[in-house]
Amino acid sequence: RAEALALFDYLRKSRLKGFVISLSGGADSSTVAALVALMAHLANQELGTKTFKEKLRLEPKLNTLPEILKSILLCVYQKSENSSETTFTAAREVAQAIGAEFVSLDISHLVREYSTLGESAIGRKLSWSEDDLALQNIQARTRAPSAWLIANLRQSLLLVTSNRSEAAGGYATMDGDTAGSLSPLGGIDKAFIRIWLKWMETTGPDAAFPLPALSFVNAQQPTAELRPASNKQTDETDLMPYEFLDLVERAALLDRQSPLEILRRMQVQCPSIAATQLAAWIEKFFILWCRNQWKRERYAPAFHLDDESLDPKTWCRFPILSGGYEQELADMRDYIASLGNVK
C-alpha cells in the first residue's frame, strides 16, 4: 500500500501520463507491473473514478478502471536469442491479467549488430568463453533505447525493475535494467519480493485483487536469461541464495559487523551449511558491495520505505572507491583455515 500510494503521488506530481515497464516475465518486472495495477485499483476504490481521473489529469473519455489501466500502463517484452517461451508467456499473461497494454519486440538483430560492431573494433569474433559478461550486458543495454523511446512517445515514466538485493551486489546492468527515472523496488529485497508475489497470486489486499496469472512467474527460478539456455543461468547461482544475501546485507550494513563476525553469526543461523560455503558467500558479498558503489550512485530514485535503504543520496553513504574490507576478509580466511576439516 505504501508503494501504491507513492506511485500515485509520483505520477501526479510529475504531470506525466502513465508508466512504461520493460516486462521480462520475471519476478521483479512483474512485481512493478502488479504494483502499478494495485495503485490504480486502490486509488479508484478510495477516490472514485471521477476524482481519480482528475488527480492524474486523465482523459475524460476513460470511464472504467480497465480503460484507465490500459491508458496509463504499457508493458514491453523485448526478446533476444536467449529469451525463452516461458518468460514470454509469463509476461503476456501478467500484462493481460492486470489490463495493461502489451507489446512484444524482437531485439535479436540489434544485439547481433552491436556485437558485430564490437568485433570490428577489437578485430576478432566474440565468444561466450572469452566475452561472457560483455555478451550478457549488451542484450540488457539494447533493451533500454526502445523502452526510453516508447516512454517518451507516451509521455510516461520509465520504471526501473532492479531490486535492493541487486543493488547491494551490483547484479544489474548499468544503462540496461537500471534504465529509467524511478526505481520502485530499489528499497525492497528479492527474498521479500518472492514471498509477496506468492501472496499476490493467491490472496492480494482484498477479494478483488489476487492475480492468479502470477503463477507463471512464481513457477520459475529467477534468471537474467542473458546466457544461452544450455548454461541454465539463475540469479542465485550467479550470486548466492537471496535469503542468505539478505541476512548478510542486514548484518553488514545495519549491524556494522565484520566478515568474521557475520560468519560466526551465520554458523549459528545456518548450521546445515558448511563454514567454507558460508565464508565464500560472505566474501563475495563484501567484494561485490565495495566494487559497485558507483552503480548505486547512478540508480534512479527509490522510495525510502524502511531503514534498509541503500540509496546513497538519502541514507547509505559509502566511498565510490576504497580498499574494501581486505584485512577483515583476511581475518575470516584465517579463521576458516584454523577450522581445518571441521565443518
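## Ground rules

Residues are numbered from 1 along each chain as its sequence is written, and side-chain values use heavy atoms, with hydrogens and water left out. Because the model is predicted, local features need pLDDT of at least 70 and side-chain atom pairs count only at pLDDT 80 or more, while totals for chains, interfaces and linings use all residues.

Helices (H or I, at least four residues) and strands (E, at least two) are DSSP runs, numbered from the N terminus. Two packed helices are described by the angle between their axes and the distance between the axes.

## H2 and H4

Helix H2 covers residues 27–47, and helix H4 covers residues 65–72. They pack at an angle of about 140°, with their axes 10 Å apart. Axes are lines fitted to C-alpha atoms, for helices over the stretch in contact, and angles run from 0 to 180 degrees between N-to-C directions. H2 and H4 are therefore oblique to each other. (Angles under 35 degrees count as roughly parallel, over 145 as roughly antiparallel, 65 to 115 as roughly perpendicular and the rest as oblique.) H2 passes H4 in a right-handed crossing. (A crossing is right-handed if the near helix is turned clockwise from the far one by less than a right angle, and left-handed if anticlockwise.)

From H2, the contact uses Val-36, Ala-37, Met-39, Ala-40, His-41 and Asn-44; from H4, it uses Leu-65, Leu-69 and Ile-72. Contact means heavy atoms within 4.5 Å. Seven of these residues are nonpolar, two are polar and none is charged. (Ala, Val, Leu, Ile, Met, Phe, Trp, Tyr, Cys and Pro count as nonpolar, Asp, Glu, Lys and Arg as charged, and the others, Gly among them, as polar.)

## His-41 in H2

His-41 sits in helix H2. It is buried, with a relative accessible area of 10%. (Buried means under 20% relative accessible area, exposed over 50%, partly exposed in between, with a 1.4 Å probe and protein chains only.) Leaving aside neighbours within four places in sequence, His-41 is in contact with Leu-65, Asp-206, Ala-208 and Phe-209.

## H2 and H3

The axes of H2 and helix H3 (residues 49–56) come within 6 Å and cross at roughly 120°. That makes H2 oblique to H3. Their crossing is right-handed.

H2 brings Ala-40, Ala-43, Asn-44 and Leu-47 to the contact, and H3 brings Thr-49, Thr-51, Phe-52 and Lys-55. By class, there are four nonpolar, three polar and one charged residues.

## H12 and H14

Helix H12 (residues 242–254) packs with helix H14 (residues 275–291) at about 60°, and their axes lie 10 Å apart. H12 and H14 are therefore oblique to each other. The crossing is right-handed.

On the H12 side, the contact residues are Phe-244, Leu-245, Val-248, Glu-249, Ala-252 and Leu-253. They meet Leu-278, Trp-281, Ile-282, Phe-285, Phe-286 and Trp-289 in H14. The contact has 11 nonpolar residues, no polar ones and one charged.

## Two loop residues

Asn-163 lies in the loop between strand E4 (157–159) and helix H8 (164–169). At 0% relative accessibility, Asn-163 counts as buried. A polar atom of its side chain lies 2.9 Å from the backbone nitrogen of Ser-165. The backbone nitrogen of Glu-166 also lies 2.9 Å from a polar atom of the Asn-163 side chain.

Thr-234 is in the loop between helix H10 (215–218) and helix H11 (235–238). With 18% relative accessibility, Thr-234 counts as buried. A polar contact of 2.7 Å joins the side chains of Thr-234 and Thr-237. (A polar contact is a pair of N or O atoms within 3.5 Å; within protein, one must be able to donate a hydrogen and the other to accept it, and residues adjacent in sequence count only if both atoms are side-chain atoms.)
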